[in-house]
Each structure stands twice: as structure tokens, then as C-alpha cells.
Amino acid sequence: SFLQSLFIAFFIAACLSSLSLRHFHHLSQEIRTVLQCERRSRIPQPRSTTMGASSNGGYCASNYASYCQNRRFSKEVLDNVHGTIYLDPLALKFVDTEQFQRQVRRFGISSSSSQSYLFAGLTNTVYPGAVHSRFEHSLGVYHLAGEVAYRLRAQQDPDFPVEDFDIKTVKLAGLLHDIGHGPFSHTFERQFLPRFLSGAPWSHEDMSISMIDYIVDKHHIDIEPECLKKAKDMIVASTEHGSRNSPTEKQFLYDIVANGRNGVDVDKFDYLVRDSRACGVGCGFMFPRLMGSMRVLGDEICYRAKDYLTVYKLFSTRAEMHRTVYTHAKVKGIELMAVDALSKANESLGIADAVQNPGEFWKLDDTILKRIEVDERPELKEARDLVLRIRRRDIYQFCNEFAVPKEKLDHFNDVTPQDIICSQKSSDVTLKEEDIAVSTVQIDLTRGSSNPLESVKFFQDHDSTDKFTIPVEHISHLIPAVCQDKIVRVYAKKPELVEAVSQAFENFQMTTYGVKGILATPEKKRNGKRLFPY
């Protein structure tokens, strides 16, 4: 064909003119997109299209023309996961602000001058490679949100047209969906703030909305009110109040970034691949396969029936990352110390008060521990000592863990330090509540005890117009029937108390459940001797 000949001509021209490899790679990608569009245009389509296009190929060509037109005014960013990402002018207005840039981890001459905002919280204390920030993740979600929107428009459903305005809005939601996170990611939101805030729980999604409004006002960003409103609605779409205010039309657009229906969204696509690569643990989930097959049927994004196990792999990979990385026993121990340090410094630094004011909140990032560490005020001594213990790897000692039996999950009551103390029998040491830290870890497939696959809709093939759910037993008997784990971990805050705390926790397990955990602390640690700390 003419286009294939054109591709060969460009290749020869590149060789003759010594065109840089990078520019030729970009050029070949664009020509490949056109070739794919041409092939699709030759495939008979079961349904007609709108807006004056006679075939899906017409839409694809239109998409490509719009894509190239927008790229002329974009800035290139080279990402280690997705390759080249193009930031459009609207995105740049937000990216080039100090509020958005707080998400960047900058390596300076001294750590005290670096601005850090790690995506994976304190995971890098165990996985040193996990030093990527929410800045990269936000760009990745922005990119994938745009890719999904373009793909859905290329497979256009005449009842649910995807317009340029929709694509711009979805991309903006992807870019800004995490801008409301505090220091150390979810640790700040779920462990630190509940100690000081009463009433309705604080959420980073709600704070993202406040931060967006603050940035627009502070920097006088010219943006269509409808675009801004819809982008904010997309960010909170997976929250409880977001689901109550769900849109009446084009609801599928609100499932791209934060999917409240079933949890399949580009936010997970990006962070699972990005985090697993940074930590070196591998990732078996392939998001391009899902992106290549998704279609809109009945105002809902659906997937091919043959991709059922790929969707399951998304949820199982997330659960595995939580088990091995995000909730690693050492990571949780260090998180407990960081939360204690922030709590002891809160009165002096007003950390919790900042969440009520976006103008103060954006100044909080992971360098808060460095601020505590170098502040010599006497009232910060306890907090400072805890931070120094983290630096010196003198961390809270893991004693044991226990998986709550599945028949107890629905009626589980949180274990407290007082429960452990009350289970202490004969010992040379009398334990106090401040000697013990308890962490309850919940690992699920995004929907607690429910199976999210029950909410995912599938279609038979690309000629189908019907959507349906698939019972798990019709696919595999290897998929677990229980979709939730709850693990109780106990830590001794001082090395010399490991033996006493371990024994008291074992007594508690035997009294409560009739069995004890098998991941007990090694004898050398029980005697107060430190092994390799990692």
C-alpha cells in the first residue's frame, strides 16, 4: 500500500540523513499508528458511526489527526515505564506550579535541601529502589487515561461519543488525582490523622479537590468551569460520596481514572507496573492487553471474555504487592515509628492542622522527618530520637503475626496493646501499653470480602453487543473463594522487650483462637540481639 511504501521511504531517508534514532523512533511510531488505523478501516463494522464518519477507520484517522495536532503544542517527557509522554498546554499549567512540583523527589547536595514526596511511602527503607515519586505516577496516569480515551473513541459507540473535551478532562483527572496526598502516602492518611481528627474521615481524594481549586485560584489558570468540575468528579468517583453523585451520562468516562464500579482503572495499571519494576519483584499483569480490548457497552467499559484471567491478574497482582511490598513487616514497623514521631511533633509543628488549609497543606512532604531531625528544640526531643532511631536502623522489633481465621473476619475486633498486656503471665518484665505497637493489615482484591470480578462486565467478541458477568467457577477452580486477608502484627518498641511481648502475644492467640502464629521472632532476637536489620 501507499502508506507501507511511505514507511520504507522514511526509513531510507533516515539512514541517508543520519536522522537521530530517537526522532526516527517517534516517527515510526506515528506511521505505525496510521497503518493500524488503515487496517481497522478495512474490517467490516457491525454498527454505523456518527459525526459524518462512514467507518471506524474514519474515526481512527480523525483521532490521529487530532492527536498530531495536539502534539505540536505539547512538551515531551521521557518516562521509564511508558516511554515518551506528551503534556498538553493545560496540563503544563498545573505541572509548572510549586504545589504540583512538591510531588517530585529532587536529589540535591544535601538531603536536607531535597524536596521529597515518595509514591510508595516508606517502602524504600526495605526496597532501596523504590524512590520514585508521585510526580512520575501522576504523569503515567495522565498518559494512560488519554490512551484509553483515544482507544474508546477509535472503537466508537454512537450512543456514547468520546469528544476532545472528554479526552482533555479525563487526562486532567489522571494528572491531578493524587495531588491531595500527604507525607508518606497512605500512612499519613490512615494512621497519623485519625489520632488527631474527629468526625468525618479525611481523605486524600477530597484534599485533591481542595488543592485543585487552590492551584486554579493561586495561579489564575484559565480553564473551562465544566472541564474543571468534571475532572474533580472523576477523581472522587470511587469514593462513597462520589458514587452517590454519579453522572447521568457518559458514566464510563468516570471509570477510567478511579473506577468505583469494579476497581479496574489506569491508576492501578500504572502503579503496579511502576512499583514492581522499582522494587525488583516482577509483575505478571499486562495492562496493554486490557487496553487493547476494552469497549463501551451500555455506558460501561467492558472486556473480552477471553481476558477474564487478565482482569483477575490485575487484582491478584495488587494483593501480592500489598503482601510483599507495601505491608512488608519491616516497612510497617518503620511506618509505626514515623507515625509516633509525627504524633510527638504535632503540637510543636501543627502538622494535623495543615490539612484544613490547602495553602499550608502543600508545604507538607516527606522532608517533615528531616525537619524534626535537625530541630534542636527541647519539646521535639522525643520525636527527634525516634527519627534518629530510624536513621540508625534501631527500629521497632517484629515479634510475631497472626492471620485472622476466615470464619472470624466478619466479626473481628482490633487487637490493642492492652489485649497483649492482659495476656502476659509470669515474666521478669512488666509490660506497659507504650512498650507495644500493633499493626492490623488488610489485604484484599479492592472490594473487601467481595470479589470485584463479579462487577466486571465482559463481551464475547468485537461483533457482540451484549455484556455479561462470568461466574468464577466457569473459568477456574484455582481462583480463591475468599478475597480478603487480615493479619495482626505485634512489635516491641525496645529490643530488650521482644521476649516478653512475643510470649504475651502467643498467649493471646491461644486464648482467643486456640492456635498461635508460626512466624515468630528468632530466638536470637528474642534475647535482644540484633540480626541483620533489613
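The structure is a predicted model, in which local features need pLDDT of at least 70 and side-chain atom pairs count only at pLDDT 80 or more, while totals for chains, interfaces and linings use all residues. Residues are numbered from 1 along each chain as its sequence is written, and side-chain values use heavy atoms, with hydrogens and water left out. The chain has 21 helices and eight strands, where helices (H or I, at least four residues) and strands (E, at least two) are DSSP runs numbered from the N terminus.

**The chain as a whole**

- Of the 534 residues of the chain, 54% count as buried, a term that stands for under 20% relative accessible area, with exposed meaning over 50% and partly exposed in between (1.4 Å probe, protein chains only).
- Among contacts (heavy atoms within 4.5 Å) between residues at least 6 apart in sequence, 73% join residues at least 24 apart.

**The sheet of E5, E8 and E6**

- Three strands make up an open sheet in the order E5-E8-E6, and their pairing is antiparallel; two strands pair if DSSP finds at least two bridges between them.
- Strand E5 (397–403) and strand E6 (436–444) are at the edges with a single partner strand each, so one side of each is left without a neighbour in the sheet.
- From one strand to the next, the twist averages 20°.
- E5 and strand E8 (residues 484–492) run antiparallel and are joined by six bridges, and within this part of the sheet Gln397 stands opposite Ala492 in E8.
- Helix H14 (residues 308–326) packs on the sheet, where it touches E6 and E8, and its direction makes about 165° with that of E6; such angles run from 0 to 180 degrees between N-to-C directions, and axes are lines fitted to C-alpha atoms, for helices over the stretch in contact.
- Helix H20 (residues 498–513) lies across E5, E6 and E8, and runs at about 10° to E5.

**The sheet of E3, E4 and E7**

- A further open sheet has three strands in the order E3-E4-E7, with mixed pairing; its edge strands are E3 and E7, each of which pairs on one side only.
- Strand E3 (residues 295–296) and strand E4 (residues 301–304) pair in the antiparallel sense over two bridges, and the bridge partner of Val296 in E4 is Ile301.
- E3 and E4 form a hairpin with four residues between them, and Gly298 in the turn has a positive phi of about 60°.
- E4 and strand E7 (residues 458–459), by contrast, pair in the parallel sense over two bridges, with Tyr303 opposite Phe458 in E7.

**The hairpin of E1 and E2**

- Strand E1 (residues 75–79) pairs with strand E2 (residues 83–87) in the antiparallel sense over five bridges, and the two form a hairpin with three residues between them.
- Within this pairing, Val77 stands opposite Ile85 in E2.

**Helices H7 and H10**

- The axes of helix H7 (residues 164–176) and helix H10 (residues 225–235) come within 8 Å and cross at roughly 50°.
- H7 and H10 are therefore oblique to each other, given that angles under 35 degrees count as roughly parallel, over 145 as roughly antiparallel, 65 to 115 as roughly perpendicular and the rest as oblique.
- Residues that make the contact include Phe165, Leu172 and Leu176 of H7 and Cys227, Met234 and Ile235 of H10.
- By class, the contact of H7 with H10 has nine nonpolar, one polar and three charged residues; Ala, Val, Leu, Ile, Met, Phe, Trp, Tyr, Cys and Pro count as nonpolar, Asp, Glu, Lys and Arg as charged, and the others, Gly among them, as polar.
- Lys171 also lies in helix H7 and is buried, with a relative accessible area of 13%.
- Leaving aside its neighbours within four places in sequence, Lys171 is in contact with Asp88, Tyr142, Ala145 and Gly146.

**Helices H6 and H12**

- Helix H6 (residues 134–154) and helix H12 (residues 266–279) pack with their axes 9 Å apart, at an angle of about 130°, and are therefore oblique to each other.
- The crossing of H6 and H12 is right-handed, and among the residues that make the contact are Glu136, His137 and Leu144 of H6 and Asp267, Phe269 and Arg274 of H12.
- By class, the contact of H6 with H12 has seven nonpolar, two polar and four charged residues.

Technical notes: Left-handed = near helix turned anticlockwise from the far one by under 90°.
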